[in-house]
Amino acid sequence: MENTLVNSNGTITSGLDANNVSVFDRSFVYGDSLYEVFRTYDGRPFGMHEHFERLWVSAALCKMKLSQTQDHLKAECIKTIKEFREKNKSDVYCRIIMSRGVGKIGFGLKNLTTPTHYYIIVQSVDDFKSAPIEKGIRLQVVGRLRNDPRALDPAMKSGNYLNSLLAYLEAQEDGFDDALMCNHQGFLTEGTTFNLFYIKRGIVVTSPLPLGMLDGITRRLLIQFLAEKNIPFVETPFKKEKLYSADEVFITSSLKEVYPVTQIDRHKKKPGSLTLKLREIFHERVLAQCLKN
Ligand SMILES: Cc1ncc(COP(=O)(O)O)c(C=O)c1O
């Protein structure tokens, strides 16, 4: 916690002192909040514009009228990151949380006494380091289903992460690192905090967004690279057996980038050559893009 800065509506405090969220904040009472996470490379934020665009998509899905502008929030993120890096040279994890605001208990918006409130948490990205590549990640396809888009659309990145959290705990109880979730028809959707891909005979496959998942920014970029490099790619629904017989399986997220899966249920895999190549391409592109900004 010492190496954390929190910006609460413009006031920056160190992590340990950042204990000023009202118990009447809707994010606390109802999980009525949205969030985004991005990181820096060499001190430069990656994909900040895309993350803020998605925040606005989430706000529309959540019927949340954001009172701050994107430019203001971006400037506050940059300010907090800069202040963090004055003391700590490492790259940062930046999480922005938008709460609907503070107010009397009750769903009605008339109960709100404040506009939307933002919190920006900046920490060293090293605090979220993954296991070495050779170890990869061991995933269980858990019994818990991914939220149905008609109930709580996974495309909305809200602060209510109980669906993912409970899936994660289920996998952990069974000795796995993390979880994959299916929809009600048994089609794979995504992991708790990452998108999913597999490779069979040189073809890269992922699930289509309408099955119910987050439109991952890493997923989107990777799909773009696949097209540019003429690597065969399809978006199609698939069940867990396809993962068992896949040549390679990998996940994507802003923190894990492109990361190999080394076990799905009882089926072991090795980090594959195409996965590692995609990881390399991703890295090169990210760094090139950051240097342009
Ligand atoms: C449920 C879920 N899916 C996918 C992702 C990956 O998204 P991105 O690549 O934008 O980080 C995340 C990231 O937090 C997530 O929470």
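Strand E8, residues 178–182, is largely enclosed by the rest of the structure, because five of its five residues are buried. This is a predicted model. A residue counts as buried here if 20 or more other C-beta atoms lie within 10 Å of its own. The two faces of E8 can be taken in turn. On one side are Asp178, Leu180 and Cys182, on the other Ala179 and Met181, and both faces are covered.

Next come the strands beside E8. Strand E7, residues 137–141, runs parallel to E8 and is joined to it by three bridges. In this pairing, Leu139 stands opposite Asp178 of E8. To get from E7 to E8 the chain passes through helix H4, residues 162–173, in a β-α-β crossover that is right-handed. Strand E9, residues 188–191, is also joined to E8 by three bridges, but E8 and E9 run antiparallel. Here Met181 stands opposite Glu190 of E9. Five residues separate E8 from E9, and the two strands form a hairpin. Gly186, in the turn, has a positive phi of about 85 degrees.

H4 has twelve residues, which at 1.5 Å a residue should span 16 Å; the C-alpha atoms at its ends are 16 Å apart, so the two values agree. Which residues of H4 are buried? They are Ser164, Ala167, Tyr168 and Ala171. These residues are on the same side of H4, because they cover an arc of only 100 degrees around the axis. Leu162 and Glu173, on the other side of the helix, are exposed. Just after the helix, Gly175 takes a positive phi of about 85 degrees.

Another residue to look at is Glu36, which lies in strand E3, residues 33–41. Is Glu36 buried or exposed? It has 23 C-beta neighbours inside 10 Å, and therefore counts as buried. Leaving aside residues up to four places away in sequence, Glu36 touches His51, Arg54, Leu55, Ile96 and Lys157. Sequence separation and distance in space can also be set side by side for Glu36 and Ile120: they are 84 residues apart in sequence, and their C-alpha atoms are 9.7 Å apart in space.

Conventions
Residues are numbered from 1 along each chain as its sequence is written. This is a predicted model: local features need pLDDT of at least 70, side-chain atom pairs count only at pLDDT 80 or more; totals for chains, interfaces and linings use all residues. A residue is buried if 20 or more other C-beta atoms lie within 10 Å of its own, exposed if 12 or fewer, and partly exposed in between; C-beta atoms are placed from the backbone. Helices (H or I, at least four residues) and strands (E, at least two) are DSSP runs, numbered from the N terminus. Two strands pair if DSSP finds at least two bridges between them. A crossover is right-handed if, with the strands pointing away from the viewer, the path from the first strand over the helix to the second runs clockwise. The expected span of a helix is 1.5 Å times one less than its number of residues. The arc is that of the directions from the helix axis to the C-beta atoms. Two residues are in contact if their C-beta atoms, placed from the backbone, lie within 7 Å.
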